[in-house]
Structure formats: C-alpha cells, structure tokens
Amino acid sequence: MIRKNARDLNIDEADAEKSILEQIPAGRFGNPEEIGHLVAFLLSDDASYITGTNIQIDGGAVKSI
C-alpha cells in the first residue's frame, strides 16, 4: 500500500507512509498479533453471545458518519 501510494502520488515511500499514518487515529499500523487476539476472543466462550456483527480492527481508520 505504501509503495503503491508513493508511485501514484509521485512521492517517496517515507512520505507515503507518513500520509497513511496521519489518517489512522491510533497513529500506527496494526500488527498480526492484534488480529489474533480478536480471533481468539471470538472463538472463546466469552464471545458466545455475539452473532452477526462486523468488527473494525483498523486503529480507527474507518470513521463512522
């Protein structure tokens, strides 16, 4: 994504990364472990009453209107 944005915007990759991070309220990219924690929770008995929902795990990048 960084490389594509750099190419599309004709900027270097460091500037492209900074531009993307500025759009994420958490101020950083997520890591695979964070996805794994959500998956583990959803597979646990603690989540047994959760049905039919979408969970954004994006550091706040998708903003609700």
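**Before you select anything**

This is a predicted model, in which local features need pLDDT of at least 70 and side-chain atom pairs count only at pLDDT 80 or more, while totals for chains, interfaces and linings use all residues. Residues are numbered from 1 along each chain as its sequence is written, and side-chain values use heavy atoms, with hydrogens and water left out.

**The whole chain**

Show the chain as a cartoon, and you will find three helices and zero strands, arranged along the sequence in the pattern α-α-α. Helices here are DSSP runs of H or I with at least four residues, strands are runs of E with at least two, and both are numbered from the N terminus. The C-alpha atoms fill a box of roughly 50 × 30 × 20 Å along the principal axes. The chain has a radius of gyration of 16 Å, whereas a compact globule of 65 residues would have one near 11 Å; this radius is taken over C-alpha atoms, and the globule rule is 2.2 Å times the number of residues to the power 0.38. Of the 65 residues, 9% count as buried, where buried means under 20% relative accessible area, exposed means over 50%, and partly exposed lies in between, with a 1.4 Å probe and protein chains only.

Select Lys 4 and Asp 8, whose side chains meet in a salt bridge at 2.4 Å, N to O. A salt bridge is a side-chain nitrogen of Lys or Arg within 4 Å of a carboxyl oxygen of Asp or Glu, and the structure holds three of them. Lys 4 counts as partly exposed, at 45% relative accessibility. Asp 8 belongs to helix α1, residues 2-9, and its C-alpha atom is 24 Å from that of Gly 60, which is 52 residues away along the chain.

Next select Arg 3 and Glu 13, whose side chains form another salt bridge at 3.5 Å, N to O. This pair links distant parts of the chain, since Arg 3 is in helix α1 and Glu 13, ten residues apart from it, is in helix α2, residues 13-21. Arg 3 counts as exposed at 57% relative accessibility, whereas Glu 13 is partly exposed at 41%.

**Helix α3 and the segment after it**

Move on to Arg 28 and Glu 34, which form a salt bridge with their closest N and O atoms 2.5 Å apart. Arg 28 is partly exposed, with a relative accessible area of 42%, and Glu 34 is partly exposed too, with 26%.

Now trace α3, which has twelve residues and reaches 17 Å from its first C-alpha to its last, close to the expected 16 Å; the expected span is 1.5 Å times one less than the number of residues.

Finish with Ile 57, which lies in the segment after α3 (32-43) and is partly exposed, with a relative accessible area of 40%.
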